[in-house]
Amino acid sequence: MPKVDDAHFAARRRQILDAAGACFAREGFHRTSMLDIVRESGISAGLIYRYFTGKDDMIAAIVAEWHERRTTMLGDDPAAGYLDVLRRVGDPGTRAELQLAVQVWAETVRNPAVREMSRANVDRPVAAVAPALAGLTDDPESLARVFIAVYQGLVLQTLWDDGLDHAAFVRAVGLLLAPLGFAEPGPDGEQ
């Protein structure tokens, strides 16, 4: 059997994950079958199983990618990065990703491995931001978790309410961050 190069491997893996993510966002994890993923990807089941052991393996890969992407978005200035993450929620192109995020959060109740990964995706940013919040409160971890809950709440509200004013939401969060010394709102409250 010919050996595939890293670029081909990565492209095929991406194709499978994109197909699985689209199916999961549309139908949820439990209503999505491997056959659905095969159809969506246009790749044979046998080939998919060379890349992933099953749906749980795909879910784990998707959650790991999210963590990497969010960490990159936060960058060197977590407050500005956080506001960018909130702004991205309002991008209509992220709707399927938001739907998938809610599916992942629901899966944490049932699947301990997904729960551990999702917890790590909360615990790492909390640990990274808490030292900067230490001078503001006796419980910096809880304050960091409040801002994560704001993000999670915005995701849910975005999916529930097509008319949600994301710019106003981000301005309001910027106003909350400014007195903490993490962001200075502009004249219109924009960061």
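Arg87 is partly exposed because its relative accessible area is 28%, where partly exposed is the range between buried, under 20%, and exposed, over 50% (1.4 Å probe, protein chains only). Its partner Asp84 is also partly exposed, at 38%, and the two side chains meet in a salt bridge of 2.8 Å, N to O, the term standing for a side-chain nitrogen of Lys or Arg within 4 Å of a carboxyl oxygen of Asp or Glu. Both residues belong to helix α5 (residues 78–89), where they are 3 residues apart, about one turn of the helix; helices here are DSSP runs of H or I with at least four residues, numbered from the N terminus.

The model is predicted, so that local features require pLDDT of at least 70 and side-chain atom pairs pLDDT 80 or more, while totals for chains, interfaces and linings use all residues. Residues are numbered from 1 along each chain as its sequence is written, and side-chain values use heavy atoms, with hydrogens and water left out.

The structure holds 10 salt bridges, among them the following.

| Salt bridge | N to O distance |
|---|---|
| Arg14 and Glu65 | 2.7 Å |
| Arg26 and Glu40 | 2.8 Å |
| Arg87 and Asp84 | 2.8 Å |

Arg14, at 34% relative accessibility, counts as partly exposed, as does Glu65 at 24%. Salt bridges that share partners join Arg14, Asp18 and Glu65 into one network.

Helix α1 (6–27), helix α4 (55–74) and helix α6 (95–107) each supply at least two lining residues, α1 giving the most, with 5 residues.

His166 lies in helix α9 (residues 166–177) and counts as buried at 15% relative accessibility. Its side chain makes a polar contact of 2.7 Å with that of Thr158, a polar contact being a pair of N or O atoms within 3.5 Å, in which, within protein, one must be able to donate a hydrogen and the other to accept it, and residues adjacent in sequence count only if both atoms are side-chain atoms.
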